[in-house]
Amino acid sequence: MVDIPKEITHTGHHPRMAVVWSVLSAEIERFAAGTGATLRILDVGGGSGGFAVPLAELGHDVTVVEPSANALASLRQRAADAGVTDRVRAVQADADELPDVAEPGTADLVLCHSVLEMVDYPDTALDALGRVCAPGGAVSILVANRIAAVLGKALAGHFPTAIDLLTHVDGVVPGRDTIKRRFETATLTALVGGSGLVTEQVHGVGVVGDLLPASAAKGDSGEGLREFELATASRVPFRDMATHIHLLARKPMR
């Protein structure tokens with residue numbers, strides 16, 4: 001994995017998110033090497049700009065599509081504080097409204113982080129992501145992992161809940177979960193493939209971060225955890241046990 005720019009490492013993200021930033025940084029470097037141009041980035045469900053503003057600080061143009069007015073207000077304030085208002089555009093819309101608010105084939109990089117768990121039809125959402133992505137562009141997908149949820153409940157001694165998560169078709173406990181589904185690596189890559197996108201990379205995000213007691217990283221300032229997450233993110237079985245699965249897919253050239 002590539003080194004992460006200082007503009008990103010200094011933004012205060014949890015160390016496990018270094019995996020996602022490393023993948024995105026490599027994609028940005030790849031694009032810059034080919035064209036030297038500014039990326040057109042679309043952040044679907046981008047919230048208050050945790051990814052959008054740092055990417056804008058790197059000089060790229062970012063459009064955030066987000067249904068929450070409060071999140072968009074925070075995004076605008078964060079962009080103003082960072083001095084990147086001219087490079088961040090906020091659009092209030094749901095993920096399923098994407099075809100109405102984004103032109104087809106206009107995004108060099110599409111982010112869809114923690115969204116597919118919440119939409120009614122993830123296959124339709126992925127089709128929309130593929131349409132707005134430019135040929136040769138990339139789509140970054142972050143989803144909750146069923147396996148990690150099962151292990152987490154089992155390690156906490158909640159075995160009936162762990163079995164429910166394991167056996168339910170969508171990896172949730174109906175009536176008690178705040179999300180509609182969890183994924184596994186195989187189911188996610190199959191879904192992505194069905195949309196016409198080509199999976200290039202799969203990484204685990206949060207291999208042990210959510211399992212550690214608060215005292216485990218004391219005195220480490222997160223650096224040891226960050227290095228461990230980077231070292232294990234692409235290695236099976238660690239990758240497939242992480243709290244989240246991160247997938248980078250490519251839209252084929254015409």
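A cavity is a set of grid points where a 1.4 Å probe fits but cannot get out, and its lining residues have an atom within 4 Å of a point. In this predicted model, Val44, Ala95, Leu98, Cys112, Val115, Ala125, Ala128 and Leu129 line the largest cavity. The structure also holds ten salt bridges, and a nonpolar surface patch is made by Leu151, Leu155, Leu211 and Met241.

**Cavity**

- The count comes to one cavity of 30 Å³ or more.
- The volume of the largest cavity is about 30 Å³.
- Sorted by class, its lining has eight nonpolar residues, no polar residues and no charged residues.
- Helix α6, residues 122–132, gives the most to this lining, with three residues.

- Arginine 40 and aspartate 108 form a salt bridge, with 3.0 Å between the closest N and O atoms.
- Arginine 40 lies in strand β1 (residues 40–44) and aspartate 108 in strand β4 (residues 107–113), so this pair ties together parts that are 68 residues apart in sequence.
- Arginine 40 has a relative accessible area of 40% and is partly exposed, whereas aspartate 108, at 9%, counts as buried.
- Lysine 180 and aspartate 120 meet through their side chains in a salt bridge of 2.3 Å, N to O.
- Because lysine 180 lies in the loop between α8 (159–167) and α9 (185–194) and aspartate 120 in the loop between β4 and α6, the pair ties together parts that are 60 residues apart in sequence.
- Lysine 180 counts as partly exposed at 37% relative accessibility, while aspartate 120 is exposed, with a relative accessible area of 51%.

**Other salt bridges**

- Arginine 239 forms a salt bridge with aspartate 240, and the closest N and O atoms are 2.8 Å apart.
- Arginine 239 has 17% relative accessibility and counts as buried; aspartate 240 also counts as buried, at 17%.
- A network of salt bridges links Glu27, Arg30, Glu200 and Arg250.

**Nonpolar surface patch**

- The patch made by Leu151, Leu155, Leu211 and Met241 covers about 380 Å².
- Leucine 151, one of these residues, lies in helix α7, which spans residues 146–155.

Conventions:
Residues numbered from 1 in each chain as written. Predicted model: local features only at pLDDT ≥ 70, side-chain atom pairs only at ≥ 80, totals over all residues. Heavy atoms only, no water. Patch = residues over 30% accessible without salt bridge, like charges linked within 9 Å, V, L, I, M, F, W, Y side chains within 5 Å. Areas by Shrake-Rupley, 256 points an atom, 1.4 Å probe, with all protein chains shown as cover. Salt bridge = Lys/Arg side-chain N within 4 Å of Asp/Glu carboxyl O. Helix = DSSP H or I, 4+ residues; strand = E, 2+ residues; numbered from the N terminus. 1 Å grid on protein atoms, 1.4 Å probe; cavity = no way out; pocket = protein on both sides within 12 Å on 5 of 7 lines; lining within 4 Å. Points joined across faces, edges and corners; volume = space filled by probe spheres on them. Nonpolar A, V, L, I, M, F, W, Y, C, P; charged D, E, K, R; others polar. Buried < 20%, exposed > 50% of the residue type's maximum accessible area, 1.4 Å probe, protein only.
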